[in-house]
Amino acid sequence: MNLTSALELTTDLVRARLGTGHPLYLVHALTARCNARCGFCAWNPDFYDPKQQLTTDEIARLYTDARRAGFAGVSIWGGEPLLHPDFGALVAHARGLGLATHMVTNGFLLDRKLDAVVEHVDRVCISLDHPSEKHDELRGIRGLYVKILSATKALRARAPDKQIVFVVTMQKANVDPATITRLADVMRELGVLGIWNGLRQEAATSGGDTGIDAYAASQEDLARAFVTLRSLKERGYPILNSMTHLDMMRAGPPVYRCHWPKFMLPIEANGDVVDCMHWGTRPIGNVKQTPFAELLASPRLRALAGAEGEACHKCVSIHRVEISEVCEGNLEPIRSWAMLRKPPVAEARP
C-alpha cells in the first residue's frame, strides 16, 4: 500500500464513521485469563471469575452483531487470547463474517495455535520488551523469549505476507539506547515491524493501584529513548511509530484532542462495554443484558465521541495519539500506517 492508498483507506474509514455514528472496530478481551505475571500490567488477570466471561456462543453473537452494525474489524487480546479453548473457531468466525482480525499475544502459545493464526488472523502483535531472556523475567514466563523467536520464524515461513508487529512496553529495563537498538536489530532480522509504547495509565481494578511506578522510566530517559528511536527510523529500521508520536513522546506526556472513542469500542471478557475514561470501573453496559444495537446508541458513547472525550489525553498509546492527530488534520502518521501493508524485508545484522 502506498501513501495515496493509505490516505484513501483512512478517508473511507472516517466517512464510514460519519455514516454510522458509532465506532467501527471492536477491541475485545477474549479472556481475562493470562499465563504471564507482568508486574507493570494495568489489568489483574484474576479480575473476572471465568464463569462471568462470555461463552463461545455469546462471543460469536457479539462478532455477528458488530458486523451487522457495520464494524470493520476486531482486535482480540486479553489476558492471553491463545488460552481461550475456542480461539481457532472464534477467529475463523470473525474472518468468515468479513471482519479484519488483529491479535495481541505474549507469544508463548503461538506455536501451538499457528494453524488458526496463519489461516484467520490478519495481523499479529507480539509483546517483546527485551532482546534477551531478560524478557522472561519482565513477563514472568520462563523460556518466553526463545519461544517468541522460534514462533515468529515459523509464522513468517508459513505466511510470508503476514503482518507481524513486536510491541515494546517502555520501562526502566529497556529504555537505554543500546537495548533499544538491539531490539530494533531483532525486528529487522526477523522481518517484523516494531511499536514502542509507554506504560498504560488505566487501571482495571477498583483501587486503581497497578504499581507501575516501580517500572516507569524517568521523563529524561524516555526523551533519550525516543530520540534514539527517531534516529533508527530515519535510518530505515522497521519502526511503526510515526514521527509525530515519537516527537510528542520525547517532549513529555502527549497533549492531544482524543478521537479514539469515535472509532474503537473496547469490550471486556465479561461483556462489559468499556468507558475508556473509567476503564474497569464504570462500564457503559454489558452485551449479556443489553442488545448490541442499543449499546451503540448509548448517550455515554456519544459523550466519549464528543467534547468530553476529546478533552481527555491521559493515554500515551500510539493508537490513541496517532488516530487523534490524523483526525485533527495531521496526515504524517499515515505514512507509517502504510508500512502495515507490506512486511519489512529481513536483512542480516551488520
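**Briefing: helix crossing, strands and cores**

Helices α9 and α14 cross in a right-handed manner, meaning that the near helix is turned clockwise from the far one by less than a right angle. The model is predicted, so local features need pLDDT of at least 70 and side-chain atom pairs count only at pLDDT 80 or more, while totals for chains, interfaces and linings use all residues. Residues are numbered from 1 along each chain as its sequence is written, and side-chain values use heavy atoms, with hydrogens and water left out. Helices (H or I, at least four residues) and strands (E, at least two) are DSSP runs numbered from the N terminus.

**The crossing of α9 and α14**
- The axes of α9 (residues 243-251) and α14 (residues 318-327) come within 10 Å and cross at roughly 115°; axes are lines fitted to C-alpha atoms, for helices over the stretch in contact, with angles from 0 to 180 degrees between N-to-C directions.
- Thr-244, His-245 and Met-248 of α9 meet Ile-318, Val-321, Glu-322 and Glu-325 of α14, where contact means heavy atoms within 4.5 Å.
- Three nonpolar, two polar and two charged residues make up this contact; Ala, Val, Leu, Ile, Met, Phe, Trp, Tyr, Cys and Pro count as nonpolar, Asp, Glu, Lys and Arg as charged, and the others, Gly among them, as polar.

**Strands**
- Strand β2 (residues 73-77) is largely enclosed by the rest of the structure, because five of its five residues are buried (under 20% relative accessible area, 1.4 Å probe, protein chains only; exposed is over 50%, partly exposed in between).
- Gly-73, Ser-75 and Trp-77 lie on one side of β2, Val-74 and Ile-76 on the other.
- In a regular strand the side chains alternate between the two faces of the sheet.
- β2 pairs with β1 (residues 25-29) in the parallel sense over five bridges, and strands pair if DSSP finds at least two bridges between them.
- Ala-29 has Trp-77 of β2 as its bridge partner.
- β2 and β3 (residues 100-105) run parallel, joined by four bridges, and Ile-76 stands opposite Met-103 in β3.
- β1 and β7 also run parallel, with four bridges, and Tyr-25 stands opposite Met-264 in β7.
- In β7 (residues 264-267), Met-264 and Pro-266 point one way, Leu-265 and Ile-267 the other way, and all are buried.

**Nonpolar cores**
- The largest nonpolar core has 94 residues, of which Leu-26, Tyr-63, Phe-166 and Trp-196 touch the most other members; such a core is a set of buried Ala, Val, Leu, Ile, Met, Phe, Trp, Tyr and Cys residues joined through side-chain atoms within 4.5 Å.
- Another core of eight residues lies apart from the largest one, and its members include Cys-125, Val-165, Ile-195 and Ile-318.
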